[in-house]
Amino acid sequence: MSQSNIVRSLESIREATESGYVEPYERILMGHSKLKPWEWAVDDLVLFNVAMISGWRAVGKTSLITTLAFVTAGLLEFDGIKTKRWRRVLISTEDPEQIDRIIYGIKKRHRVNHDDIDDRIAVVPARRGTLVDFTRLANQFQHLVYHDGVKDRYPLFIDDTLSANHKMSDENNNAAGADVVDVLKKAFPRWGIWCVHHIAKENRNQKAENQTSRGAGSFEGNTQATYVIARQNPDDKHSDSFMTTTKTRGRLNLEIGCRLRWEIEEIEDDYGETVACDYPICDLYLTDSEEREKLVAEYKETYYEPMKSECIDLLVRHFTQLGKSLPQRAAKEWLRDQGHKASNDKMIHWVNEAKRVYEYQVATQGE
């Protein structure tokens, strides 16, 4: 290397040091590396790593994630959804009251011991923190780490939500998004981290597999796995929710379904009056994309059946009054003028069916 190149290299190192450079990169020797088993938060379903979990508002994100936290902590299991080796969970939430109601429902439904909950599940209110704040949080709850006789079992940190827990001037800025994930990795080394975020508005109507989280792409790019929580049937706000993966390092073919219902209980308020209070019950089950598509198709067929019959009947009567059937395009426009909305394919099918009925009636008239 020439003298001038050496000087430039030394100047570059000095500039990096002045800007915050502390130590050189640590080389990882791969020559004698061995294949390591995957670490799971939920066996064979959700990896224990840094993951992004996104969903539209009111889709049941917190209910599903909190229930999965109880599975991770070994306090709950469902058919095919369990963990052999539990770990504790720390949740930083924007809505502690919501978590409280979800946990109340879990206790009522599954009779989980409250002392076990206090030992394995820790909940703190969200605050817009920095690296210093999250490092303090990790140190405060370092006691959640335990030794299982073989190795230390590090906890899972659930960051619900990114917007509530982090100071972000612009969540669409990739550098800012990368900083947020980097802060969590530095503050919680060896922990599992679930970053909970919202779905981007522009792809809300996309299939779940094609949806992305809101804001900078670096939110998802800097994690090892990404999951989406959505309705099994986007057209039915009462349908079950499910969690699927859009990127994972490991194997994950199945999806986790969430059947959410609300129970009402009468309690006494601070004034001694009896009031009705509701709380959610969340039951999890295994499903897959094929089953989900089948449910959606069945729902749409059932949903449109009454409209189909009404539209065909209206068209036949309209043709009878006119004394002739209308061209396909004109018939579709007339149906829409009556307030009926459906896909173009469905409209064409209904118009053709109405024409067949009308033509049959004309042909058999007087017989």
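Mentor: Let us start with Glu 94, which is partly exposed because its relative accessible area is 46%, a value in between buried (under 20%) and exposed (over 50%), as found with a 1.4 Å probe on protein chains only. This is a predicted model, in which local features need pLDDT of at least 70 and side-chain atom pairs count only at pLDDT 80 or more, while totals for chains, interfaces and linings use all residues. Residues are numbered from 1 along each chain as its sequence is written, and side-chain values use heavy atoms, with hydrogens and water left out.

Trainee: Where does Glu 94 lie, and which residues is it in contact with, leaving aside its neighbours within four places in sequence?

Mentor: Glu 94 lies in the loop between strand S4 (89–93) and H3; helices (H or I, at least four residues) and strands (E, at least two) are DSSP runs, numbered from the N terminus. A contact means heavy atoms within 4.5 Å, and, once neighbours within four places in sequence are left aside, Glu 94 is in contact with Ala 126, Asp 160, Thr 161 and Ala 164. Glu 94 and Asn 165 are 71 residues apart in sequence, with 7.7 Å between their C-alpha atoms.

Trainee: Is Val 196 buried or exposed, and what does it touch, not counting residues up to four places away in sequence?

Mentor: Val 196, which is found in strand S9, counts as buried because its relative accessibility is 0%. Not counting residues up to four places away in sequence, Val 196 touches Ile 53, Lys 61, Ile 65, Ile 158, Asp 159, Asp 160, Thr 161 and Leu 162. The C-alpha atoms of Val 196 and Tyr 227 are separated by 9.5 Å, although these residues are 31 residues apart along the chain.

Trainee: How should I read aromatic rings, and how many aromatic pairs does the count come to?

Mentor: A pair of aromatic rings is described by the distance of the centres and the angle of the planes. Rings of Phe, Tyr and Trp (its six-membered ring) pair if their centres lie within 6.5 Å, and planes under 30 degrees apart count as stacked, over 60 as edge-to-face and the rest as tilted. By this rule there are seven aromatic pairs. In one of them, the rings of Phe 157 and Phe 188 have centres 4.3 Å apart and planes at 15°, so the pair is stacked. Phe 157 lies in strand S8 (residues 156–160), whereas Phe 188 lies in the loop between helix H7 (174–187) and strand S9 (192–198), so the pair ties together parts that are 31 residues apart in sequence. Phe 157 is buried at a relative accessible area of 0%, and Phe 188 counts as buried at 1%.

Trainee: Why is the pair of Phe 319 and Tyr 358 edge-to-face?

Mentor: The ring centres of Phe 319 and Tyr 358 are 5.8 Å apart and their planes stand at 70°, so the pair is edge-to-face. This pair links distant parts of the chain, 39 residues apart, since Phe 319 is in helix H9 (residues 289–322) and Tyr 358 in helix H11 (residues 344–364). Phe 319 is buried, with a relative accessible area of 0%, and Tyr 358 is buried too, with 10%.

Trainee: Which residues do ring pairs link into a cluster, and where does the charged end of Arg 120 sit?

Mentor: Ring pairs link Phe 134, Phe 157, Phe 188 and Trp 191 into a cluster. For charges, the rule is that NZ of Lys or CZ of Arg is within 6 Å of the ring centre and within 35 degrees of the ring normal. The charged end of Arg 120 sits over the ring of Trp 86, 3.6 Å from its centre, and Arg 87 lies over the face of Phe 48, at 3.6 Å from the ring centre.
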